[in-house]
Amino acid sequence: MKRTAVAAAAVVLLLPLSACGAAEAGDGSTVTVTVGYQSKTINTVTAGTLLRSLGYFEKQLASLGDGRTYKVVWQDYATGAPITAQMTAGKIDIGSMGDFPLLINAARGKQLDRPTRLVSVTGYNLRGGLNTIVTAPGSELTSLQDLKGKKVSTSVGSAADGTLVRALQRAGIDPDEGIEKLNQQPAVGASALAAGSADALSQFVAWPGLLTYQGKAKALYDGAQLNLPTFHGVTAREDFAEDRPAVLEAFLKAQAQATEYLNTRPVTAAEKVAEATGLPAEVVYLYNGAHGIATFDPAVKPQLVAALKQDVSVLKAAKLTGDVDVDAFVDDQYVKKALGASYGKQLAATPPAAASEVWPKGAEQTKTFKSPAELLAYLAAHPDGIRAAYVPDATTGTLWFADKAVWVADSGKLLPFVAPATARAYADRHDGARVISYADALERVS
């Protein structure tokens with residue numbers, strides 16, 4: 001992965017500056033547009049992995065009818081930081097990344113006189129469920145309080161680090177002095193967790209779900225407990241947007257098409273993303289499915305902008321940025337034009353209600369159930385016919401794998417939770433409720 005990112009970066013650096021969003025040298029009719037994306041950060045797929053596989057951007061460019069030939073160069077990176085570096089160097093025209101990296105993108109652009117603009121949103125979760133803190137499968141840590149004095153891996157400057165900082169603060173733990181923070185790339189942090197050199201890992205999609213699915217981690221803290229929105233978005237260089245507005249509009253129209261594809265064909269979309277990234281489709285669907293942790297909508301919602309403003313203080317405290325003028329950074333004029341009359345409707349749209357889902361083996365569609373208990377009954381009746389089963393946390397709505405969830409029995413109800421602390425907190429508040437195993441939960445509906 002690292003070698004791929006480095007090689008891709010080298011290719012971009014070799015491109016002439018004029019080749020980005022401008023006519024290539026010696027051929028005034030050809031325009032190269034360079035897009036930076038993160039294939040494995042799967043809440044950006046409508047502006048990256050899925051969009052690329054569907055070819056919608058190229059088709060939109062071909063339909064411009066302006067007499068030019070357009071060439072799209074896709075550059076894949078592990079995080080948002082190198083995309084920002086390339087954008088401020090004039091090497092990338094359009095990029096996608098998470099909310100905290102977007103703020104760094106804005107700050108670096110202004111600092112280097114290469115301003116960028118947030119032009120659309122990809123995936124979001126209004127409660128913060130895109131980030132999760134996990135521990136090793138055999139870990140005895142069960143709550144944030146247990147992290148005192150422990151080694152916690154995260155990527156400083158990422159939304160996952162923001163979740164860690166805020167969660168620790170709410171738990172009364174100094175995020176600088178109360179833990180030993182390891183600043184690591186996600187893959188390095190995953191290896192550190194497996195090796196025992198990190199006690200916990202705070203990361204963004206798809207790492208927590210992937211490691212949990214693989215049996216290499218278990219959830220300690222659900223980021224949705226913060227009840228603060230997290231999202232990923234699309235940023236464009238200001239000069240590119242002003243010089244090539246039709247090209248940016250074509251990108252945003254293509255993103256809207258990819259979003260429609262994902263929302264109407266979530267299983268097929270998950271399979272496509274899995275094929276392109278090597279991630280298990282079951283993990284992709286956890287985040288990007290019909291009732292997944294993320295909701296996809298290009299509209300720049302006010303609550304996401306408000307959350308972005310709150311994020312500035314976290315980055316300032318970490319000395320990663322100074323003040324960021326969020327209002328100046330956000331520019332939704334292009335996506336408004338691209339979406340036309342539907343923009344207002346999408347702006348007002350709300351995430352689908354949480355629901356339990358089963359993905360049967362060989363099926364092109366999932367089955368939805370009214371309650372986790374109904375899902376469990378189906379699983380008990382079809383022990384060998386299940387590809388994946390998902391349940392929403394009883395308090396946050398965050399979707400999780402049914403067999404990895406923490407279950408509580410309460411007066412005949414069976415309630416799933418992402419993290420053990422929230423399950424215990426619920427049981428403590430309800431007389432007679434108690435935490436049970438997944439096997440016990442299945443047995444109760446058999």
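Which backbone nitrogen lies 3.1 Å from a polar atom of the side chain of Asp 325? The backbone nitrogen of Ala 328 does.

## About the model

This is a predicted model, where local features need pLDDT of at least 70, side-chain atom pairs count only at pLDDT 80 or more, and totals for chains, interfaces and linings use all residues. Residues are numbered from 1 along each chain as its sequence is written, and side-chain values use heavy atoms, with hydrogens and water left out.

## Around Asp 325

Asp 325 sits in the loop between α13 (302-317) and α14 (326-329). Helices here are DSSP runs of H or I with at least four residues; strands are runs of E with at least two, and both are numbered from the N terminus. The side chain of Asp 325 also reaches the backbone nitrogen of Asp 327, at 3.4 Å. Such a polar contact is a pair of N or O atoms within 3.5 Å; within protein, one must be able to donate a hydrogen and the other to accept it, and residues adjacent in sequence count only if both atoms are side-chain atoms.

Asp 325 is partly exposed, with a relative accessible area of 46%. Buried means under 20%, exposed over 50%, and partly exposed in between, using a 1.4 Å probe and protein chains only. Along the chain, Asp 325 and Ala 106 are 219 residues apart, yet their C-alpha atoms are separated by 8.3 Å.

Strand β13 covers residues 356-360. Of its 5 residues, 5 are buried, so the strand is largely enclosed by the rest of the structure. Ser 356, Val 358 and Pro 360 lie on one side, Glu 357 and Trp 359 on the other.

β13 pairs with β14 (residues 367-369) in the antiparallel sense over 3 bridges. Two strands pair if DSSP finds at least two bridges between them. Val 358 has Lys 367 as its bridge partner in β14. The hairpin of these strands has 6 residues between them, and there Gly 362 takes a positive phi near 75 degrees. β13 also pairs with β15 (residues 386-392), antiparallel over 4 bridges.

## A sheet of 3 strands

An open sheet runs in the order β18-β17-β19, with antiparallel pairing. β18 (413-417) and β19 (434-436) stand at the edges with a single partner strand each, so one side of each lacks a neighbour in the sheet.

β17 (residues 406-410) and β19 pair over 3 bridges. Trp 407 has Ile 436 as its bridge partner in β19.
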